[in-house]
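Please open the structure in a viewer and keep the selection tool at hand.

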Amino acid sequence: MATAPIEPPQRLVSSLSGDQDGREWLTALPTLVQHQLDAWDLTLERVHAPGGRSSLLALVHQQDGTPAALKFPVPGRASAHEAAALEIWDGWGAVRLLRSDDKTGALLLERLQAGVSLRSLPEAKALLEAAGTVRRLWVAPTTPHPFETLAGRTAQATEALRTAEELPPTAAPLVDEALELRRTLPTTSDEEFLLHGAFRQGKVLAGDRSPWLATGPSPVVGERAYDLAALVLDRFEDLMAGSGASAATRRRVTKLADSLDVDRDRLRDWTLYRAVDAAVRELATGDRQRGELLLEFAAWL
């Protein structure tokens, strides 16, 4: 077995700098990775960098030489039930789960092209491929299932919206509308689909078995418009930089809703909610420019 040094990427380290539990997990991570390599007869190729902010991904080879990816999600994050969702999808529109370890949280996944996502495509083509991919993920969850509902997940954001500070003067009506949408949207739909929960173009990678496969779900059960709202928001800065941006924003909502048979008004409402929620979080972490851009985007909907 390979015993190359296992060093968490700086992006992951930085994202956990203010999290005591996260820092303790990082300290133990090299030992956890080596244990999993030994337990599953894996040979380490390298740790993927720059990687993400919510997991460590190591490129490995299985005992027969087949390439794979060993993933360690940050404990306690929304991806806690990632393995359960991947088992349900079983490679349909998503990366295939090969093995999982409930104790360590480790996931052994089929190897995808980590450096090639839908963001590498022109905008129109990327949206088309993304829509086709997310459509495959919308299946009925098992009964019973371990996943959060939209009501439960969005409830967590309510207090942050209500207590948000240092908002631009124009933000108050948007925050009020987002709070009202959060209250009504989860209770006015009877759709119960398994959703990716964190879907965006960067989460769809090139593969060998299928051209594009979704990765990194934060699974939740609810209506499809919630997932699609994240796609409306994807690369919103590019949309805002073009001419006629406000009209283009509304056209994007209409186009995606119609292409996937999702109610336009509900997609608009979920997009506004998710935009304002994201804006408040960005402002709270000090990224004022991105936060204010998200609020402007929300105002165009």
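**Aromatic pairs**

With ring centres required to lie within 6.5 Å, three aromatic pairs are counted. The model in view is a predicted one.

Select Tyr 226 and Trp 270 to begin. Their ring centres are 5.2 Å apart and their planes meet at 90°, so this pair is edge-to-face. The two residues come from distant parts of the chain, 44 residues apart: Tyr 226 belongs to helix H7 (residues 224-233) and Trp 270 to helix H10 (residues 264-284).

Next, select Phe 236 and Phe 297. They form another edge-to-face aromatic pair, with 5.7 Å from centre to centre and 65° between the planes. This pair also links distant parts of the chain, since helix H8 (residues 236-241) holds Phe 236 and helix H11 (residues 288-300) holds Phe 297, 61 residues apart. Both phenylalanines are buried.

**Arginine side chains**

Keep Tyr 226 in view and show Arg 274, which lies over the face of the tyrosine, at 3.9 Å from the ring centre. Then move to Trp 92, where the charged end of Arg 136 sits over the ring, 5.9 Å from its centre.

Which side chain does that of Arg 153 contact? Select Glu 148 to see it: the two side chains make a polar contact at 2.9 Å. Arg 153 is part of helix H5 (residues 150-162) and is buried, with a relative accessible area of 11%.

**The sheet and its helices**

Now switch to a cartoon view and find the open sheet, whose five strands run in the order E1-E2-E3-E5-E4 with antiparallel pairing. Its edges are strand E1 (43-47) and strand E4 (97-100), each of which pairs on one side only. On average, neighbouring strands are turned by 30° against each other, direction ignored.

Select strand E3 (residues 67-73) and strand E5 (residues 107-110), which are joined in the antiparallel sense over four bridges. Within this pairing, Ala 69 has Leu 109 in E5 as its bridge partner.

Helix H3 (residues 82-89) lies across E3, E4 and E5, and runs at about 145° to E4.

Note on methods: Residues numbered from 1 in each chain as written. Predicted model: local features only at pLDDT ≥ 70, side-chain atom pairs only at ≥ 80, totals over all residues. Heavy atoms only, no water. Phe/Tyr/Trp six-rings, centres within 6.5 Å; stacked < 30°, edge-to-face > 60°. Buried < 20%, exposed > 50% of the residue type's maximum accessible area, 1.4 Å probe, protein only. Lys NZ or Arg CZ within 6 Å of the ring centre and 35° of its normal. Polar contact = N/O pair within 3.5 Å; in protein donor to acceptor, adjacent residues only side chain to side chain. Pairing = 2+ DSSP bridges. Axes fitted to C-alpha atoms, helices over the stretch in contact; angles between N-to-C directions. Contact = heavy atoms within 4.5 Å.
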